[in-house]
Amino acid sequence: MICARNLHYRLKRKALVQDVSFELQDGEVLGLIGPNGSGKSTLLRMLSGIFRPSAGQVLLQGRCLSQWPRHEIAQHMAFVEQQAETHERIRVRDAVELGRTPWLSLLNPWSAQDDAIVGQAMDALNVGHLSQRIWHSLSGGERQRVHLARALAQQPQLLLLDEPTNHLDIQNQLTILRLVDELPVSIIIALHDLNQAMRCDRLLLMHEGRVFALGPPARVLTPDNIREAFGVNSRLLHDPETGQPNLVFTD
Ligand SMILES: Nc1ncnc2c1ncn2[C@@H]1O[C@H](COP(=O)(O)OP(=O)(O)OP(=O)(O)O)[C@@H](O)[C@H]1O
């Protein structure tokens, strides 16, 4: 689906991301974890094509991202940034409809099918009741859900999500995590909550711009890795009823 080959990103003389390589399989959910400033957002921006790598390559379906026309990238992947902004005075329904832009052309004008796709995306994120509200009047969590609805309306095969549960109350966090579990697309999701990260198929743990560990959650979220990367002690407990693993932390 998407492949990072020896990606580097330098700003002036500072290396923000160094030598990151991995390959995402179709349908896989890869969790991106790491302390503040470890390079997660910078990596996501390179994968989305917003940042051009200083060295290395992003391959989308085997072809270098820099060779893809912008609208074709948008037909394949959608990116929900951490503090995504949008135009002033735009209504929520219009913001979600923007997700259909990559699919529209003179030969392919807006149709009832586009209306239906937008409606489904709004229902999935529970923002239908906000349809006529001005985007700027929304709360942080409502904005986050509208951005996610816009990304779903884009019908991508790959979703890049930068801390999508930020700002959300617990019910909406669980809604997003359930969507991530159920959507039949590949997903790369940056998360700070390590217990939420445990639901991913694989985890990429970043530390100081580099890959510190990559693999299944149980192999990445070890007490040693957590201590070295985050500087905290942890223990894995199991829920007595469900048997689900749960990390608890001490400093
Ligand atoms: N425009 C910039 N100028 C200077 N340094 C920058 C710039 N943008 C990012 N950085 C630095 O690059 C490093 C990586 O930032 P990045 O936002 O990718 O980290 P992150 O892992 O996403 O952090 P967080 O968990 O806090 O969101 C940080 O040290 C950050 O301060």
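This is a predicted model: local features need pLDDT of at least 70, side-chain atom pairs count only at pLDDT 80 or more; totals for chains, interfaces and linings use all residues.
Local features need pLDDT of at least 70, side-chain atom pairs count only at pLDDT 80 or more, and totals for chains, interfaces and linings use all residues. Residues are numbered from 1 along each chain as its sequence is written.

The helices discussed are listed here; helices are DSSP runs (H or I, at least four residues), numbered from the N terminus.

| Helix | Residues |
|---|---|
| α1 | residues 40-48 |
| α4 | residues 112-124 |
| α5 | residues 140-153 |

**Helix pair.** The axes of α4 and α5 come within 8 Å and cross at roughly 140°. Axes are lines fitted to C-alpha atoms over the stretch in contact, with angles from 0 to 180 degrees between N-to-C directions. α4 and α5 are therefore oblique to each other. Oblique covers what remains after under 35 degrees (roughly parallel), over 145 (roughly antiparallel) and 65 to 115 (roughly perpendicular). On the α4 side, the contact is made by I117, V118, A121, M122 and A124; α5 supplies A149, L152 and A153. Contact requires C-beta atoms, placed from the backbone, within 7 Å.

**Core.** The largest nonpolar core has 66 residues, of which A149 and I189 touch the most other members. Such a core joins buried Ala, Val, Leu, Ile, Met, Phe, Trp, Tyr and Cys residues through C-beta atoms within 7 Å. Its largest share, six residues, comes from α5.

**Covered helix.** In α1, eight of nine residues are buried. Buried means 20 or more other C-beta atoms within 10 Å of the residue's own, with C-beta atoms placed from the backbone. G49 follows α1 and has a positive phi, near 95°.

How values were computed:
Helices (H or I, at least four residues) and strands (E, at least two) are DSSP runs, numbered from the N terminus. Two residues are in contact if their C-beta atoms, placed from the backbone, lie within 7 Å. A residue is buried if 20 or more other C-beta atoms lie within 10 Å of its own, exposed if 12 or fewer, and partly exposed in between; C-beta atoms are placed from the backbone.
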